[in-house]
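The items are grouped by topic.

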Amino acid sequence: MNQGLHPVVIIMIEDDQGHARLIEKNIRRAGVTNDIVPFETGLAALSYLLGPDGSGKVHEGKPLLILLDLNLPDMTGMDILARVRESTHLHHIMVIVLTTTDDPVEVHRCYDLGANVYVAKPMEYEKFVNAIQQLGLFLLVVTVPEVS
Amino acid sequence: MLIGRSVFTRFVPLLLFAGAVLLLALVLASLRFATLTRQSSHEALDAARLNNRAMQLLTLVQDAETSQRGYLITGEEKYLGPFKRAQALIALHFLSVSGDMMKAGISHVTVERLKRLVDDKLGEMRDTIGLKKAGRDAEAIAVVQTDSGKRVMDEIREIMTRIDAITGNIGFQREETMANAAKWLLISITGGAVLLVILVGGAIFLAVVHARQLEVARQALAEQNDMLEVRIKQRTQFLERANRELQSYSYIVGHDLRAPLVNIMGFTSELERAAAIFADYMKRSPDTRDDITEKLAREAVDGDIPEALGFIRSSMKRMDDLINEILRLARAGSRQLNAEPLNLVELLSETVASLQHRLDETGSSVVLSPGLPPVVSDRLALQQIFGNLLDNAVKYADPSRRAVIHVSGTIANGFAVIDVADNGRGIAERDRERIFELFRRSGPQDRPGDGIGLAHVRALVRRLGGDVAVKSVLGEGTTFVVTLAADVRSARDRGEP
């Protein structure tokens with residue numbers, strides 16, 4: 001998953017610390033060694049992603065990947081998705097929605113807004129672990145665009 | 001209106017009925033007077049006719065006398081014609097007239113007397129004529145000269161005069177009666193006409209009033225139908241809103257309760273994994289333990305196991321908190337509301353006093369408008385509503401300026417509208433609906449809170465027959481507009497949950 005000088009950075013936006021820790025552990029077990037930058041709130045994640053000028057220029061040239069939870073206390077994951085897609089520099093970075101909801105309407109809206117992958121977090125832990133590890137394996141093989 | 005109608009419906013038909021009875025009485029009276037008039041005119045006519053026939057009788061007697069005298073003087077047979085005719089007619093005439101005379105009130109004695117007198121006179125005349133025919137002229141004259149015929153004739157005339165007087169009197173009396181009856185007939189007919197006009201007028205009035213009442217009733221019914229439609233629409237809206245809330249509520253509860261559950265299960269597995277690593281390490285004999293297994297075991301005991309336990313504990317606490325909050329909301333929703341007249345200035349002053357410590361700490365102030373309207377509502381619910389809103393206004397103040405919170409209100413159309421306006425950090429547009437949802441919060445998550453206060457406020461305000469809305473400019477301030485039923489009992493009647 002290393003791409004040239006800049007290995008892919010995984011931005012994990014997840015308000016539940018326990019979930020964040022479990023996701024990180026299971027992705028690591030799948031063999032992913034990339035940096036994971038966790039955020040608990042949408043505002044913190046957006047200010048990091050968009051940078052001071054609000055365009056995402058700070059990350060220019062770096063390959064980024066976003067793991068996005070939809071249910072955040074301060075805003076919805078869809079707001080973040082929309083902001084990312086609207087921004088000048090981040091609009092084609094990879095966004096993976098990872099959330100507990102499997103409501104078809106929500107899934108639809110996320111793809112409409114430009115999500116690349118939608119993964120529903122299963123409620124049984126075995127399946128949850130399985131899903132996260134598969135996601136980790138997927139991350140190992142996928143090619144991620146750089147921030148333009 | 002109700003009293004007017006009952007008096008009207010009771011008295012007007014009664015009056016009309018009385019009028020109809022009176023009219024019938026007048027018609028009967030008119031009939032009576034008409035009959036009386038007819039009878040009187042008949043009687044008057046009969047009396048006149050009787051008088052006439054009595055005069056004819058007298059004339060016949062006189063004719064006979066004249067004829068007798070002519071014969072006595074001339075001795076010529078031709079003068080006897082009228083006598084013979086009169087003699088034949090008088091008997092017939094008397095027969096027919098005597099009954100009528102007695103009917104007209106002339107006494108039997110008088111009639112008998114008249115009959116005898118007429119017979120005597122005729123007898124005297126026949127005697128003289130007989131003597132004359134026999135050529136005994138001097139004897140005939142002597143009979144006449146006895147004056148007996150003249151006396152009889154005088155008495156006949158006297159009786160005839162009396163009959164004339166009697167029949168005249170009867171005629172006069174009957175005419176009088178007739179005139180009287182005619183007068184009363186006129187009066188009763190006039191009265192009847194007047195009454196008829198009144199009755200017809202009354203009936204028309206009744207019909208018009210009745211028609212108007214029907215129209216009013218029809219309109220009232222139409223209005224009620226419209227109102228019913230509006231109420232059904234309102235109820236449908238309430239139900240739709242309740243349904244939407246229930247959906248979002250079950251979604252939120254499902255999601256928010258599932259999240260800590262996943263943590264508990266996940267970290268239980270992590271715990272098992274770490275325990276297995278440590279157990280494996282412990283099973284080994286000390287000489288087979290290498291650095292790697294030692295390091296893994298140490299990591300499991302020092303890192304993974306306490307971390308997993310920590311997450312399990314915090315997740316369970318989170319679930320407990322969530323369930324408690326949900327129960328609290330459910331309890332608030334089912335608590336019996338207690339309607340009482342409330343002065344909002346006093347009530348809000350108490351709420352401000354309970355926040356005074358925090359206001360002093362942050363240098364904030366609350367300005368209560370003296371024009372806050374009085375309401376009939378639930379004290380505890382209002383305290384919780386405004387306590388939450390004021391608490392939020394202080395909590396989310398803009399750190400660059402002193403918080404000033406204005407509370408003002410008006411009353412209109414049965415609703416009290418209370419504005420709670422602050423100069424705090426404001427709420428982004430996309431969050432203005434979310435903030436009322438359970439466990440959702442707006443803006444930087446830099447202040448303590450669970451995202452419950454506003455969900456609670458909204459549930460309470462809706463129970464009080466109103467709703468809460470928010471207006472805000474990010475970075476300048478927020479105004480929460482609380483609309484309440486001015487009288488919570490009327491809201492309950494309208495079918496609010």
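In this predicted model, helix α2 (residues 42–50) of chain A lies across β1 (9–13) and β2 of chain A. Helix α2 of chain A runs at about 155° to β1(A). The points below continue with the sheet of chain A and then turn to chain B.

**Sheet of chain A**

- Five strands of chain A form an open sheet with parallel pairing, in the order β2-β1-β3-β4-β5.
- The edges of this sheet are β2 and β5 of chain A, each of which pairs on one side only.
- Direction ignored, neighbouring strands of the sheet are turned by 20° against each other on average.
- Strands β4 (residues 94–99) and β5 (residues 117–120) of chain A run parallel and are joined by four bridges.
- Across this pair, I96(A) stands opposite V117(A), and V97(A) stands opposite Y118(A).
- A right-handed β-α-β unit is made by β4(A), helix α4 (residues 104–113) of chain A and β5(A).

**Confidence in chain A**

- Chain A has a mean pLDDT of 86, and 96% of its residues reach 70 or more.
- Within chain A, confidence is highest in strand β2 (residues 36–39), at 93, and lowest in helix α5 (residues 125–141), at a mean of 85.
- Residues 1–5 of chain A have a pLDDT below 50; beyond near neighbours in sequence, this stretch has eight contacts in the model.

**Sheet of chain B and its helices**

- Chain B has an open sheet of five strands with mixed pairing, ordered β2-β4-β5-β7-β6.
- Its edge strands are β2 (365–368) and β6 (467–473) of chain B, and each pairs on one side only.
- From one strand to the next, the twist averages 15°.
- Strands β4 (residues 404–412) and β5 (residues 415–421) of chain B pair in the antiparallel sense over seven bridges.
- In this pair, I411(B) has A416(B) of β5(B) as its bridge partner.
- Helix α8 (residues 379–395) of chain B lies across β2, β4, β5 and β7 (477–485) of chain B, at about 20° to β5(B).
- Helix α9 (residues 453–463) of chain B lies across β6 and β7 of chain B, and the angle to β6(B) is about 135°.

**Positive phi in chain B**

- Most residues other than glycine have a negative phi.
- N413(B), which is not a glycine, has a positive phi near 55°.
- N413(B) is placed in the loop between β4 and β5 of chain B, and N413(B) counts as exposed because it has 6 C-beta neighbours inside 10 Å, where the cut-off is 12 or fewer.
- D147(B) also is not a glycine, and its phi is positive at about 70°.
- D147(B) sits in the loop between α4 (137–145) and α5 of chain B; with 11 C-beta neighbours inside 10 Å, D147(B) therefore counts as exposed.

**Contact between the chains**

- The contact takes 18 residues from chain A and 20 residues from chain B.
- On the side of chain B that touches chain A, the elements giving two or more residues are α5 (148–283) and α6 (291–334) of chain B.
- α5(B) gives the most to that side, with nine residues.
- By class, the side of chain B that touches chain A has nine polar, six nonpolar and five charged residues.

Conventions
Residues numbered from 1 in each chain as written. Chains lettered and ligands numbered in written order. Predicted model: local features only at pLDDT ≥ 70, side-chain atom pairs only at ≥ 80, totals over all residues. Contact = placed C-beta atoms within 7 Å. Nonpolar A, V, L, I, M, F, W, Y, C, P; charged D, E, K, R; others polar. Pairing = 2+ DSSP bridges. Axes fitted to C-alpha atoms, helices over the stretch in contact; angles between N-to-C directions. pLDDT = per-residue confidence, 0-100. Right-handed = clockwise from strand over helix to strand, strands pointing away. Buried ≥ 20, exposed ≤ 12 C-beta atoms within 10 Å, placed from the backbone.
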